[in-house]
2 protein chains.
Amino acid sequence: MRELTLDLGERSYPIRIAPNLLSDNDWPSFIKGKQACVVTNETIAPLYLEAVLARLQGWQVSVVVLPDGESHKNLETLNTIFDQLLEDNHTRKTTLIALGGGVVGDMTGFAAACYQRGVPFIQLPTTLLSMVDSSVGGKTGVNHALGKNMIGAFYQPECVIIDTETLTTLPPREFSAGLAEVLKYGLIADVPFYDWLEANWDGLLARDPELLAEAILCSCENKARVVAEDEREGGRRAILNLGHTFGHAIETATGYGSWLHGEAVATGMLIAAKLSSDLGWIADAEVERLASLLQRADLPLNPPAEMAAEQFLSLMARDKKVLDGRLRLVLLKALGEAVVTDEVEQAKVIAAIEAVR
Amino acid sequence: MRELTLDLGERSYPIRIAPNLLSDNDWPSFIKGKQACVVTNETIAPLYLEAVLARLQGWQVSVVVLPDGESHKNLETLNTIFDQLLEDNHTRKTTLIALGGGVVGDMTGFAAACYQRGVPFIQLPTTLLSMVDSSVGGKTGVNHALGKNMIGAFYQPECVIIDTETLTTLPPREFSAGLAEVLKYGLIADVPFYDWLEANWDGLLARDPELLAEAILCSCENKARVVAEDEREGGRRAILNLGHTFGHAIETATGYGSWLHGEAVATGMLIAAKLSSDLGWIADAEVERLASLLQRADLPLNPPAEMAAEQFLSLMARDKKVLDGRLRLVLLKALGEAVVTDEVEQAKVIAAIEAVR
């Protein structure tokens, strides 16, 4: 088993990575009370719910099965979790358990942050994207029609249990979407990892279990390092959003769900890389290298045809990183060195969007 | 001006009490960014919104006017705050300003806790109840059809600005409801204050400004002391809920709003006092003394006729203080000495409810 710790003082927690972890008896020891509520979705429930419930004999357990997809990540769906918890008289000593991908994890974490003003929760991520990104670091929340992840909380789990065996059932599009976030860590902070990813790209695409476990560990280590420095995104944590400002605009414009989050981030990273090379910060060849990796993973290289550059700009004006009316973008000062800047001319942003289109 | 500090380390904040504070230029200095959003309701807006907005020239200001009343304290109404913030492009550096009573304060605080995962907020309470209780201590949230304040956050304001002049426009029922919470501090922790309240009850009922300011200060000091010891209600803070477990059951059973929160707490405190005297912890005469004070303030002494004792018990089973299936009640071990206990027989609880009915 691979293991690391996200170091946040009294809110520190372990992240464990190995095949078949869902079926062992270790993780339920993180449940402190006598009640638990498993939150999952209609796709994941038939695959893994039984294995999880088998580990929870002896607890009073409720189950909430959400509809699948980013389009349901909203306050209304969130309320169905509260309905179940209250109907079953869950107290403030209950523990919520997120079994699923990023949407399930974000909503369960936010429900845990708010239920009776805060109860503990456990992350059992079952998608590559949630393993390497969303389940780690305590960002929880739901979308609003006017912007992604606009309503939420910083709220850390008790532990993150990554059962790599669940990746065998992940649909190809979702798998590729996760790889986009894996590439991100190389781009923003870890050139040796980026080189390693490129060298092992075919094996990763073939879902080699050892390569995947190593990629997940390295991604989580990179994320944990940044989050430990800046839990509430006062500064450096924003670099984890490489490609996300453009990506969130795509997700919002297309109505959440038609593009997967990781797909939108892939295209967004390519725009950010193009803009970085236009500024002379990275070589043009690096943009090509990224495009080639994305393409080999069947990730989209171009934003939706119907999205004008102006629509990008108007949606990005609501980004959480905007300060005093100035758009702040995560760009690459060099390969492996992300920076947050508000000094890029709008014309250059538009040019990069148009160039990638 | 009277002033005290709620001491919570880096989350400490001042509570200021004086007439006409809304109209002075001091409180806006707590707004750190260039944007602010005033959240108020349709009753308070015509009275005080103009005075507040006059102090906010130079900021980009949005206004949200909520419908009045506890029945609107839910996720749906909360979302209208997010709508406005996003439509007007408020960033994570915006400051929310709660102008109103407990419902406005609880919802604005919770919106601040969740908007973009947390923005600062300021409390400008305009009712006696919110001045002495809900605006102080960081409990924020909304109701759920199955339980009061079940969805929320512990989230502290930047400051609490209590303009005592606003009490002159408070309707009599709301004023009395606030007095119930004032009495609570005497009952749970401060016998000299309780004696002082009894001695000055007529003057307080006549809204003598000096007496009211003193009662507000003493209430806030008592509350600040308890909250500073136990911000997230791991233990002692629960004593602030004297009468609230019974009161919340009344509010939930009657559909939020037909009983004011303070009215339900008044009846709840009387049940708790009766139960405490049945247990031999306080003198019977203290129950009479409390009933007399409540009656002189036109506060209700009896629960709703249609509520059977069994309905109390079933609603109270969802109380946030319930642990491992055991109902935990705040009772008076002695006058001025509240305790939390889970050792009272159900039959005695029923008897006290019936006795007060």
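Reply: Happy to! Let's start with one pair of side chains: A:Glu231 and A:Arg11 form a salt bridge, with N to O at 2.4 Å; the term covers a side-chain nitrogen of Lys or Arg within 4 Å of a carboxyl oxygen of Asp or Glu. Please keep in mind that this is a predicted model, where local features need pLDDT of at least 70 and side-chain atom pairs count only at pLDDT 80 or more, while totals for chains, interfaces and linings use all residues. Residues are numbered from 1 along each chain as its sequence is written, chains are lettered from A and ligands numbered from 1 in the order in which they are written, and side-chain values use heavy atoms, with hydrogens and water left out.

Chain A is assigned domain 1 (2-169) and domain 2 (173-356), with bounds from an automatic or database domain assignment. Between these two domains the count is 7 salt bridges. On the domain 1 side, strand 1 (2-6), strand 2 (13-18), helix 4 (128-134), strand 7 (139-144) and strand 8 (147-154) of chain A each supply at least two residues that touch domain 2; helices (H or I, at least four residues) and strands (E, at least two) are DSSP runs, numbered from the N terminus. Helix 4 of chain A gives the most, with 6 residues.

Altogether, 35 residues of domain 1 of chain A contact 39 residues of domain 2 of chain A, where contact means heavy atoms within 4.5 Å. The C-alpha centres of the two domains of chain A lie 25 Å apart.
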